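Dear colleague,

I am handing over the structure we spoke about, and my notes on it follow below.

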Amino acid sequence: MLPLVILWFGIGEGAKVFMIATGVFFPLYMNTFHGVRHIDPALIETGRVYGLDRQRLFWDIILPGALPAVLNGVRYGLGLMWLTLIVAETIAASSGIGYMAMNACEFLQTDVILLGILLYALLGKLVDSFVRALEARLLRWHPNYQPAGGRRES
Amino acid sequence: MSGAELAVSGAGKSFGARPVLRDLCFSVAPGEFIAVIGNSGCGKSTLLRLIAGLDAADSGVIAADGEPVRGLARDALVLFQELRLLPWRRVIDNVGLGLPAGWLAEAQRMLAHVGLQDHANDWPLTLSGGQRQRAALARALIRQPRLMLFDEPLGALDALTRLEMQDLIEALWREQKFTALLITHDVEEAVALADRVLLLKEGGITLNIRVNLSRPRLRSAESFVGLKTKILAQVMDSGEPAPFVYRV
């Protein structure tokens, strides 16, 4: 796809954004779809019995019910995002960390290359930690997301 | 707030070619406690879903207070066996589910009423079976239903918790005076709680027996045991030899 993207968008921000957006779309979409699909129909029926309108049904049942899968998609998508970004920056960009590293490669600047790798690793870890914290906060109710030892037998 | 009157006349329901309920007729007086018993697969839960308005009957009319039930009945609430608490909402928020703003104080009062005041901020998945039951009961009763439909709500509880919950349901029923319809396969539970016991067999009512025992009912009393034995004999008597016999 890369040659086509370069042809269409040239070398620059547009190409990067397009590549990442298309790459991330499907894991996000598939996971969200899966999450909504797998909500217990009994709970949706309960929502109807308790008189929830469509809006309340979405906020009270569908969104929280699909959230574990949605967040899973977000984490996977972020991983893919970094991968695509690195590829895009090393090949189809005129700026960025990847571009810097590729430039350094031409001039045999090992220290700059290592700095690039380190920066990517750091950013990746940072973003992943953020989503994990989000998971821990939003999925507090879920026994599988409890901190170890916090689970109670029922 | 008094209980709803319920009249089922000629109700029938089939799934595909298989009739589940046929020509069912019975009525329930306001505030009466009815138990429907029967073996699994006899159509008990189907009957409950028809009365709740969750499914539509193929034939016949189900009327609450003289008005035919169409769609979800507003004054009727169902307590399902699997309870259906939202796992991602705290207990107190489950009780207030779908209520207009300003329900908090009432929800706290209701939770205290069922003995769960200390668990208002717990997640449903951390509660024990009996506690979840209480939470689901509080969620239903805060809306002051005129007709409560119990779909084997105590089936999955251990024997002791079960007795406790039966007492709680009886106490709440006497206090709020709603009409109650309890689906169960436990004859003792039916005799302990109900004013009248209906036996559902092969889609029809084969027994309609009044329980004339004063409350609270002593399960060891001779009259209680006698009635229970009599109904149990009717439940077990299928009229044809059972295809499988399990001996212990």
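Which residues of helix H3 (residues 41–49) of chain A are buried? They are A:Ala42, A:Leu43, A:Glu45, A:Thr46, A:Gly47 and A:Val49, where buried means under 20% relative accessible area with a 1.4 Å probe, protein chains only, and helices are DSSP runs of H or I with at least four residues, strands runs of E with at least two. This is a predicted model, in which local features need pLDDT of at least 70 and side-chain atom pairs count only at pLDDT 80 or more, while totals for chains, interfaces and linings use all residues. Residues are numbered from 1 along each chain as its sequence is written, chains are lettered from A and ligands numbered from 1 in the order written, and side-chain values use heavy atoms, without hydrogens and water.

The buried residues of H3(A) pack against helix H4 (54–91) of chain A, and also against helix H1 (44–52), S6 and H4 of chain B.

As for the interface, 26 residues of chain B are in contact (heavy atoms within 4.5 Å) with 19 residues of chain A. In chain B, B:Arg84, B:Trp88 and B:Trp123 lose the most area to chain A, together 27% of what that side buries, buried area being the accessible area (1.4 Å probe) that two parts lose on being put together, summed over both. The rule finds three salt bridges across this interface, each a side-chain nitrogen of Lys or Arg within 4 Å of a carboxyl oxygen of Asp or Glu; the side chains of B:Arg49 and A:Glu45 meet in a salt bridge at 2.7 Å, N to O.

Best regards

Technical notes: Buried < 20%, exposed > 50% of the residue type's maximum accessible area, 1.4 Å probe, protein only.
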